[in-house]
Structures are given as C-alpha cells and as structure tokens.
Number of protein chains: 2
Amino acid sequence: MLSAQSCQWSRRREFPLVRVTLRDIANEAGVSMMTVSNVVNGNRARVSPETIERVQRIVAERGYVPSASARSLAARSSRLIGLLVPAADEDSLTLSPHTGAILGQIERALRKRGYHLLLRGIAHPDEVGEALQSWSLDGAVLLGFLDEEIDALDAGAAGKVAMLAVDSYSANRLATGVRSDDFLGGRLAAEHLLDLGHRHVVFAGPSFSDVGVVHQRFAGFRQAFADRGLPWDDRLIATVNTTHAGGAGLGARLRRDFPTATAVFATADILAIGVAAGLAASGAAVPGDVSVVGFDDLDLSAIVTPKLTTIAQDIPGKAAIAIDLLLTAIEKRERPAEPVTLAVHLVERDSTAPPRRS
Amino acid sequence: MLSAQSCQWSRRREFPLVRVTLRDIANEAGVSMMTVSNVVNGNRARVSPETIERVQRIVAERGYVPSASARSLAARSSRLIGLLVPAADEDSLTLSPHTGAILGQIERALRKRGYHLLLRGIAHPDEVGEALQSWSLDGAVLLGFLDEEIDALDAGAAGKVAMLAVDSYSANRLATGVRSDDFLGGRLAAEHLLDLGHRHVVFAGPSFSDVGVVHQRFAGFRQAFADRGLPWDDRLIATVNTTHAGGAGLGARLRRDFPTATAVFATADILAIGVAAGLAASGAAVPGDVSVVGFDDLDLSAIVTPKLTTIAQDIPGKAAIAIDLLLTAIEKRERPAEPVTLAVHLVERDSTAPPRRS
DNA sequence: CTGAAAGCGCTTACAG
DNA sequence: CTGAAAGCGCTTACAG
C-alpha cells in the first residue's frame with residue numbers, strides 16, 4: 001500500500017508518447033497559448049502571479065518540453081551554437097587532447113546559458129555556410145582552423161551569424177577570437193633556455209607564414225635573443241609535423257642535422273614529447289645532453305618521463321571567454337568585440353637543465 | 001577585364017542575407033513548392049528530368065539551403081542524433097582520450113549519412129528526456145554512463161527514440177549497445193601474465209558490481225586462473241579511481257600492501273600508466289620488479305616509458321557499428337537489434353616480463 | 001508527372 | 001494582464 005501510494009505521488013515526470021504542446025497546456029489551464037508562452041519564457045511581467053503558478057504546475061505535471069525547432073522557426077533565435085572543427089573528407093575529426101579539453105569546457109559554458117551545441121566536422125569551406133544556414137545557428141565557434149581558412153570566410157556565409165575563432169590571428173573581422181599570448185609564450189621559453197646557458201636552440205614546429213599562432217611563438221622566441229643582443233640563425237628552424245612521430249623523427253636525427261644544438265623549443269607538447277623520445281632512442285639524454293621545452297601543458301606532459309618543461313595555456317579560461325564573447329555579441333546583436341589574449345606561464349619540470357660543458 | 005569576368009562567372013556561391021526559401025525557388029522555376037521539395041529530397045521518380053535539371057540549377061545559383069528546423073517540424077524526422085555524455089553539474093564534460101576518439105568517429109559516421117550531431121552533457125537523469133524531446137532527436141548515443149544509469153532510463157523518455165549505449169551491459173531493452181569483448185580482454189591479460197610465470201597478480205580498477213564492463217573484465221581475468229586450475233585470492237583486488245593519480249597512488253604503496261604481487265592488471269591504460277609511474281617513484285622497476293598490463297591501447301600508451309603492454313579495443317569499429325545499429329533502427333522504425341560485441345587483442349610492449357626469480 | 005490545402009508548434013506584432 | 005490572427009519554412013496526404 002505504502003509503496004503504491006508513494007508511487008502515485010512520485011515526483012517523477014511522466015513523458016507521454018505523443019508530444020504535449022503549448023496548446024494542450026493552454027487548454028488545460030484555461031488561458032491562451034500566448035500566456036503559456038510568456039510563462040514558459042519567463043516574461044513574468046506580463047502575467048498575473050496566480051496564472052503563472054497554475055501554468056507552471058500544469059507544465060510540470062504534463063512534462064511539457066517546448067519544441068526547439070518550432071521555436072527556432074518562429075523566433076529569430078535558435079539558441080543553437082555550432083562548433084565547427086576541420087575534418088578531412090575520409091577522416092574523422094581528430095580531436096587533439098588540447099581540442100578535446102576546450103570542447104568539454106565549451107559545452108558546459110553553453111549548457112549553463114541555455115544554449116545547445118551542434119558539433120560539425122568541416123571537410124570543405126562551403127560547408128561552413130551550409131552548416132550555419134541549415135540549422136539557423138545563432139553563432140559558431142571555429143576550432144582548429146588555419147588563419148588562411150578564417151581569412152577566406154566570406155561575408156555571405158557569416159553575414160548574420162556571430163562567429164568566433166579560437167587561436168586565430170586572422171584579420172577577418174567576421175570572426176573575432178580568443179587566443180593565448182603566443183608571443184609571450186615563445187619569449188618565455190627562449191628566456192628560460194637562455195637563462196640556463198643555452199645558445200644554440202632548435203625551433204621545431206609546423207611550417208608557418210607571417211601570421212598565425214606558430215609565427216607569434218617564433219617572433220616571441222626570436223625577441224628574447226634580440227633583447228639580449230644574442231645572434232639567431234634561421235638554419236636552426238626545423239619544420240616537422242605536429243605529432244609524436246614528427247617529433248621522434250627530429251629527435252633521432254637532431255645531433256646529426258643540428259650538431260651545435262643543446263636545446264629544442266617545440267611548438268606543441270605532443271611534438272616535444274616526441275623529440276624527447278627520439279633523442280632517448282638515439283642515445284641522447286634529456287635533459288643531460290639536450291633540453292626540451294614544449295607548449296600547451298597537456299595532462300600528458302606531467303606524466304611522461306622526463307616530465308616536460310612547457311608553456312601553460314589557460315584552457316578553461318579560453319573556453320569561458322570564447323563563449324562569453326560570442327553569446328554577448330549574439331544577445332546584443334552586434335559584432336563581437338576585439339580579440340582577447342590570455343596570459344601564459346612557464347612550467348618548469350624535468351626536461352630542461354644547463355647545457356653540458358664542452 | 002579578365003579578372004572581372006572570371007569573378008562574374010565564379011562558381012563561388014552567393015549566400016544572401018535573407019534566407020532563400022522553397023517558395024523562392026518554386027517561383028523562379030515556375031513550379032510548385034512540392035516539386036522543388038521532391039527534387040531537393042531526391043524523390044526523382046516523381047519529377048520529369050527537365051524539371052529536375054532546372055530546379056537543381058536554380059537551387060545551386062541561389063545557394064538554397066533547406067531549413068532543418070522547418071523540416072523537422074513538418075516531417076517525422078529531425079535527422080539529429082544526440083550524443084549524451086555524463087557531466088557533473090559544475091564540471092565540464094571530461095572527455096577521456098578514449099571518449100574523445102569515439103566522439104570523433106561518431107561525428108564522421110553521422111555526417112556521412114546526412115545526420116547532424118547534438119552534443120549534450122547530462123548532469124541529471126531527467127535531462128535525458130528533455131534533451132530527446134526538445135530537439136525532437138531521432139536517436140541518441142549514450143557514451144560513458146554506468147549500467148545503473150542505463151537501467152534507470154524510463155520508457156517515457158525513450159519511448160519513441162532509438163537509443164544506443166556504448167560499453168553497456170545493461171539489460172534495459174530501451175537501449176541496445178556496442179561494447180568490446182571485455183571478458184576476453186580480461187582473460188587475455190591474465191593469460192599473458194600467467195604465461196610469463198606470474199602467480200600473484202593485482203586486479204586494479206574502480207569498484208564494480210555484478211554487471212558492467214569492469215565486472216566482465218574481472219570475470220574473464222578470473223576465468224584464466226580457473227582454466228589452469230590456479231587459485232585466486234580476492235584480496236588481490238585493488239579498488240582505485242580510474243585516473244593517473246589513482247594508479248600512481250596504488251603503484252607507490254603496492255609493495256607494502258601487496259608484498260607477494262609481481263604484476264598488476266589495470267582496467268584502463270591511464271590507470272596502468274599511473275601504476276607504472278608510482279612504482280618507478282617508489283624505486284620499483286617496471287617490468288623488472290613488477291609487470292603492468294593495461295586496457296584500451298591509447299595513443300599515449302605507445303609513448304610512455306616503458307611502453308605499455310595492453311588490451312587493444314577497436315575504437316573506429318565501435319563507433320561505426322554504433323551508428324550503423326542506431327541509424328538502421330531509426331530508418332526501419334524498429335527497435336535496435338541485439339547488442340554487438342567487438343573483438344579485442346593483446347598488444348605486447350615493454351611493461352611486462354617474467355617475474356624476478358626469488 | 002504536378003499542385004493546392006492543411007498543418008507541424010511555436011512567436012511576433014497588434015489589439016483590447 | 002490577456003488573447004485572436006498571421007506566419008516562420010517545410011512536408012504529408014490527397015486530388016488531379
């Protein structure tokens with residue numbers, strides 16, 4: 001008896017098999033659909049307290065959930081944000097640990113503000129416009145695109161949709177951005193190695209043009225040499241894929257290709273870890289023979305042997321600011337504000353030491 | 001002149017600021033909306049070839065993109081699939097490397113079949129029903145939930161929506177599933193260690209009940225002992241968090257708490273890597289003093305020192321089969337088929353060796 | 001092969 | 001404080 005009764009009065013909602021609509025609630029409450037709509041959307045100024053209470057009770061009883069597509073169709077806003085990530089046609093999205101961490105933070109920030117997230121791999125530039133229009137997205141976050149790709153975004157696709165690019169230095173005003181202070185990061189890495197006494201440092205990263213994240217890191221890196229009146233030789237630039245294998249290859253041939261080098265600054269942790277592994281495999285000690293500095297501060301970087309000295313980015317901060325910029329622009333219906341740059345800092349661990357006396 | 005002309009004839013689509021609708025295309029083509037709809041949706045049997053050609057040309061010229069919310073509202077189907085992931089209220093989704101890899105594969109499989117992906121963190125069970133109804137999802141993939149949580153899914157929420165749980169052994173028929181052969185994995189790990197000569201092996205994992213992934217791995221693990229007529233002592237079960245820190249803690253205290261143990265089987269690579277790190281920190285050699293076997297075969301596992309011996313899962317296969325099961329059920333409008341179990345295999349690397357002679 | 005009508009479930013102006 | 005009307009952009013039966 002008792003259990004039957006508590007079941008009867010259970011607060012667990014019943015989800016009916018046919019959809020409960022605004023009209024159902026309105027009929028049951030004896031008011032118009034408009035009034036129910038106002039209650040559901042929190043326009044409380046327009047409805048009497050008693051009506052609010054009654055409607056809310058019925059909404060809860062019936063387990064009413066508004067239809068997002070109907071709302072999206074009728075209103076100006078879909079409350080849907082696209083997370084657009086590059087994806088080669090045949091390949092899956094490759095979520096780097098860095099991308100995965102940002103993604104998780106973005107989902108949370110959006111959910112807290114009542115938005116939903118559409119995750120979409122982009123294999124071809126045209127798909128950006130299609131993705132934005134198809135679901136009437138209110139905005140989009142571009143994660144992992146090259147600046148050249150951001151540059152190429154055209155006004156049509158982006159016209160009415162707020163866009164924000166993570167880690168971009170593109171001058172395209174259609175998309176604002178958040179990024180870490182990559183210049184400072186490069187400088188801090190170089191200063192750390194110079195302070196330890198290194199003078200021949202390999203700069204290892206993907207090929208870069210004169211804009212973009214890697215260029216900024218390189219510019220900051222060189223600035224540290226210039227600030228101290230130290231020479232820099234562009235032949236110490238090593239162009240490699242930003243993968244563990246790319247780093248391992250460089251590490252293995254480092255002492256042959258760069259015989260004077262006593263240290264490596266790699267533009268990503270995964271690359272730096274590969275370099276260290278390649279060095280170890282070729283019989284060089286890290287940091288005894290060669291010091292290695294990375295960039296990102298992945299969880300992984302505190303786990304590998306030796307633990308990696310690196311430049312730490314504020315990933316939760318990056319995601320929080322990205323969503324804040326984007327949603328503020330959407331809700332105020334204006335172009336997003338100026339790009340925001342987040343601080344970085346050096347994390348000293350076990351992969352750096354003074355150069356061996358020769 | 002030339003450049004102006006090539007611009008004129010550029011194949012780049014113009015995306016207009018106001019939405020192009022079915023009606024616009026119909027007017028311009030001099031046909032009804034229905035006909036345009038049939039062309040766009042590929043119901044070619046119903047339209048003459050000349051009309052198809054003309055409509056398609058105008059669609060391309062005007063850059064028409066159908067409104068997914070209008071279609072979703074009018075039709076029975078939204079072509080939207082939810083990817084539901086647990087998320088503590090204040091926390092972000094924590095995408096483990098394993099989860100992140102599956103996520104990327106799922107997005108790709110969905111995109112190839114013309115579906116879109118809504119990513120949603122679930123902080124409270126009620127949110128599952130809300131998520132399904134709000135966007136009229138055609139189906140949902142549950143990723144990372146406990147079997148207890150899957151069990152609790154009620155018919156209301158799931159009634160009309162196909163659901164599929166990854167890595168679940170729940171008996172709840174509302175959601176079918178894909179999973180690796182966890183029993184076999186546990187058995188292979190144990191057989192490998194027994195073959196090497198180990199007899200006292202710690203089973204390290206999160207607490208587990210009598211269903212679920214961890215239970216299966218444990219059951220397979222024990223089976224290997226039973227098959228050989230070897231004794232097993234439940235006191236060799238170590239309950240730890242499935243994190244690097246959890247493993248490191250166990251590794252550090254292993255020789256004190258489990259003085260007879262010469263090997264550890266951890267139910268996840270990240271845990272196994274932690275165990276190895278903890279052992280190293282406490283002065284024990286891996287695999288010299290203690291062997292370690294993991295489960296997952298993360299990218300990371302081939303990078304750490306020593307490289308981890310582990311049980312490899314087929315992650316792309318898991319994602320592909322998950323989506324195939326789910327979409328087949330949706331398109332045929334029937335309950336998903338029986339759960340599918342994927343093969344696993346042992347990957348021998350450097351973290352296992354025969355026990356030291358004592 | 002083609003089309004006019006009704007309706008999916010909401011919101012946006014308006015009018016009271 | 002409350003409501004009737006029109007419409008968002010499609011698709012689903014139907015009828016020709």
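**Exercise 1.** How many residues does the contact take from chain B, and how many from chain A?

Solution. This is a predicted model.
- Step 1: count each side; chain B gives 51 residues to the contact, and chain A gives 51 residues.
- Step 2: assign the residues of chain B to elements. Those that give two or more residues to the side touching chain A are α5 (68-74), α6 (97-112), β2 (116-122), α7 (126-134), α9 (155-158) and α13 (269-281) of chain B.
- Step 3: find the largest share. On this side of chain B, α6(B) supplies it, with eight residues.
- Step 4: sort by class. The side of chain B that touches chain A holds 23 nonpolar, 19 polar and nine charged residues.

**Exercise 2.** In which sense do strand β2 of chain A and β2(B) pair, parallel or antiparallel, and over how many bridges?

Solution.
- Step 1: locate the strand of chain A; β2 covers residues 116-122.
- Step 2: read the pairing. Strand β2 of chain A and β2(B) run in the antiparallel sense, over three bridges.
- Step 3: take one residue as an example. L117(A) has L119(B), in β2(B), as its bridge partner.

**Exercise 3.** What radius of gyration does chain A have, and what would a compact globule of 358 residues have?

Solution.
- Step 1: list the elements; chain A contains 14 helices and twelve strands.
- Step 2: set the two values side by side. Chain A has a radius of gyration of 27 Å, whereas a compact globule of 358 residues would be near 21 Å.
- Step 3: check the extents. The C-alpha trace of chain A spans about 90 × 55 × 40 Å along its principal axes.
- Step 4: turn to burial. Of the 358 residues in chain A, 49% are buried.

Methods: Residues numbered from 1 in each chain as written. Chains lettered and ligands numbered in written order. Predicted model: local features only at pLDDT ≥ 70, side-chain atom pairs only at ≥ 80, totals over all residues. Contact = placed C-beta atoms within 7 Å. Helix = DSSP H or I, 4+ residues; strand = E, 2+ residues; numbered from the N terminus. Nonpolar A, V, L, I, M, F, W, Y, C, P; charged D, E, K, R; others polar. Pairing = 2+ DSSP bridges. Rg over C-alpha atoms; globule rule 2.2 N^0.38 Å. Buried ≥ 20, exposed ≤ 12 C-beta atoms within 10 Å, placed from the backbone.
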